[in-house]
Amino acid sequence: MSKPTVEIIVLFQNLGEERAYYARSPAPPLSGTLLAGLTPDSVDVRLRHEMVRPIDYETDADIIALSFMDFCAPHAYEVARRFRKRGKIVVAGGKYASTFPQAVMPHVDVTVAGEADRCWPRVVDDLVAGRHRRFYQAPALASLEDIPTPRYDLVESCYAVPVVLEATRGCPFKCTYCQLNIRPAPYRVRPIEDVIRDLTATARLPYHKRKLAMLLDNNLGGDMGYAKELLQEIARLKLWALGVQFAFSCLNDPEFVDLLAAANCRMAFLGLESLNEPSLLAVQKRQNKVSDYERKIMALKERGILTFAGMMLALEEDTPEYYATLPGRLEEVDPSAIFLSISIPIPGTPFHREMDGQGRIFDANLAHYEGDHLVFAPGHVTAAEVFATRKHLMRSFYSWPNVARRWGRLMRAYWRGGPGWAKPFGSLLISYVLFQLSHFQRYHARRRVFPSTVPVVPQRKEPRRRAPAVVGRPTGWTEVREAQVCDPSNANSVVRS
Ligand code: SF4
């Protein structure tokens with residue numbers, strides 16, 4: 001007798017399938033591969049990332065498992081409705097279902113709240129036996145030991161880096177916009193031997209994909225002793241390229257930086273968020289020091305590690321004066337790639353409570369809470385200024401001439417330490433990573449940033465003006481450079497479709 005089939009779908013099309021946008025992300029999110037790895041043998045399992053291919057509503061799968069974040073919740077309800085109409089059993093899980101299960105339950109057959117590791121096998125067994133319940137609450141803070149390896153083999157071939165995993169969960173910091181602070185939990189780590197097992201359980205992949213990996217931790221450096229020990233073990237694997245996420249303050253530890261290099265880390269995702277210190281303080285991101293950005297990023301470049309920097313606009317202390325200097329200041333700080341979004345008051349976070357309490361949220365459509373829309377009245381800038389700055393920055397930063405200039409600076413910094421036998425190959429890999437990230441972000445800009453329109457902010461919620469609050473540089477220090485980088489009339493600075 002054939003087994004039932006579970007199809008896991010990681011949703012992405014928050015604006016609906018008629019306005020689909022297939023991202024060019026080099027790596028998939030972790031949720032789908034992890035859930036597939038947790039799925040027991042009593043069923044066949046399939047995996048689909050809506051980020052790269054559309055949903056097949058004619059699938060012969062018996063059970064549809066939807067994983068989604070907040071901004072995909074309205075879309076998830078529509079997808080669930082269509083599958084249930086076809087007689088499928090629909091299960092929902094993920095960050096939003098865990099935070100607001102009561103909102104999700106009316107739309108699906110089964111809702112799973114919390115971490116899936118210890119709960120999902122039981123849910124599947126109940127579904128197969130026909131005794132499933134409407135709601136499952138996973139145990140809080142369960143052990144992270146013996147979590148099965150993610151199913152990299154089910155990842156779509158278009159992803160350059162299918163090997164994605166995590167070594168830790170949580171973060172010790174308290175940034176007010178961060179989803180981790182909806183229900184703060186202690187920082188936890190997985191056994192190092194489990195992580196190494198997951199990095200090497202790649203036999204079903206093409207050889208070159210076995211040598212690339214991403215650690216998608218929120219903050220790998222929440223326990224520096226653990227992080228260093230793990231990096232030492234990873235170094236023995238001789239990967240070609242490793243991507244890692246960690247808090248900026250980890251770079252205060254030179255040994256950590258050296259161990260990243262030894263593990264062949266080629267890309268560090270860092271939440272810089274702002275080059276304006278008051279804006280960082282407004283969201284409790286005290287661990288970032290703007291005055292250190294340039295020096296610490298240079299230290300990474302010299303070790304062959306490019307920085308992919310998360311940046312936000314519409315933070316509370318942003319001003320027009322800060323936006324005017326931002327392109328030139330970014331050039332000085334010189335991250336090799338940026339992920340530039342509009343700040344999001346995610347429901348449940350302290351930031352959402354603050355904006356909601358002040359009556360500044362004017363758009364409650366969750367589909368718009370993805371970083372491309374503005375849903376609240378910002379403090380000291382207008383909506384038009386936020387959108388103009390974002391479009392302008394994405395055009396100039398990701399023009400090919402500017403990408404090439406940053407590549408040149410990265411290579412010069414890498415080679416400054418003198419030649420090494422591995423540097424030609426390292427240079428090739430770093431160049432490949434930079435090209436992949438730039439391609440990904442240019443495509444996002446064409447599809448989602450440039451066509452975006454400025455929302456109408458209700459009159460009474462227009463920002464109050466105040467004196468500039470830019471910190472860290474004397475005014476007027478990069479006028480010439482800004483003109484070179486930002487001039488929208490310069491055809492070379494325009495991202496082409
Ligand atoms: S450092 Fe990053 S992961 Fe940690 S709380 Fe802040 S935003 Fe969240």
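Predicted model: local features only at pLDDT ≥ 70, side-chain atom pairs only at ≥ 80, totals over all residues.
Student: Which domains make up the division of the protein chain, and how far apart are their C-alpha centres?

Tutor: Domain 1 spans 5-137 and domain 2 spans 160-493. Their C-alpha centres lie 28 Å apart. To the contact, domain 1 gives 29 residues and domain 2 gives 31 residues.

Student: What area do domain 1 and domain 2 bury between them?

Tutor: The two domains bury about 2,500 Å², with 58% of it on carbon and sulfur atoms. On the side of domain 1, Tyr-21, Arg-24 and Pro-26 supply 30% of the area buried against domain 2, more than any other three residues.

Student: Why is the pair Glu-115 and Arg-169 called a salt bridge?

Tutor: The rule asks for a side-chain nitrogen of Lys or Arg within 4 Å of a carboxyl oxygen of Asp or Glu.

Student: How many salt bridges and polar contacts cross the interface of domain 1 and domain 2?

Tutor: The rule finds 3 salt bridges across this interface, and 11 residue pairs are in polar contact there. On the side of domain 1 that touches domain 2, α1 (30-38), α2 (73-85) and α3 (95-99) each give two or more residues. The largest share, 4 residues, comes from α3. The residues of this side divide into 17 nonpolar, 6 polar and 6 charged.

Student: Why does the pair Arg-46 and Asp-60 count as a salt bridge?

Tutor: The side chains of Arg-46 and Asp-60 meet at 2.7 Å, N to O, and the cut-off is 4 Å, so the pair counts. Arg-46 lies in strand β2 (residues 44-49), whereas Asp-60 lies in the loop between β2 and β3 (63-67), 14 residues apart.

Conventions:
Residues numbered from 1 in each chain as written. Heavy atoms only, no water. Domains from an automatic or database assignment. Contact = heavy atoms within 4.5 Å. Buried area = accessible area lost by both parts, 1.4 Å probe. Polar contact = N/O pair within 3.5 Å; in protein donor to acceptor, adjacent residues only side chain to side chain. Nonpolar A, V, L, I, M, F, W, Y, C, P; charged D, E, K, R; others polar.
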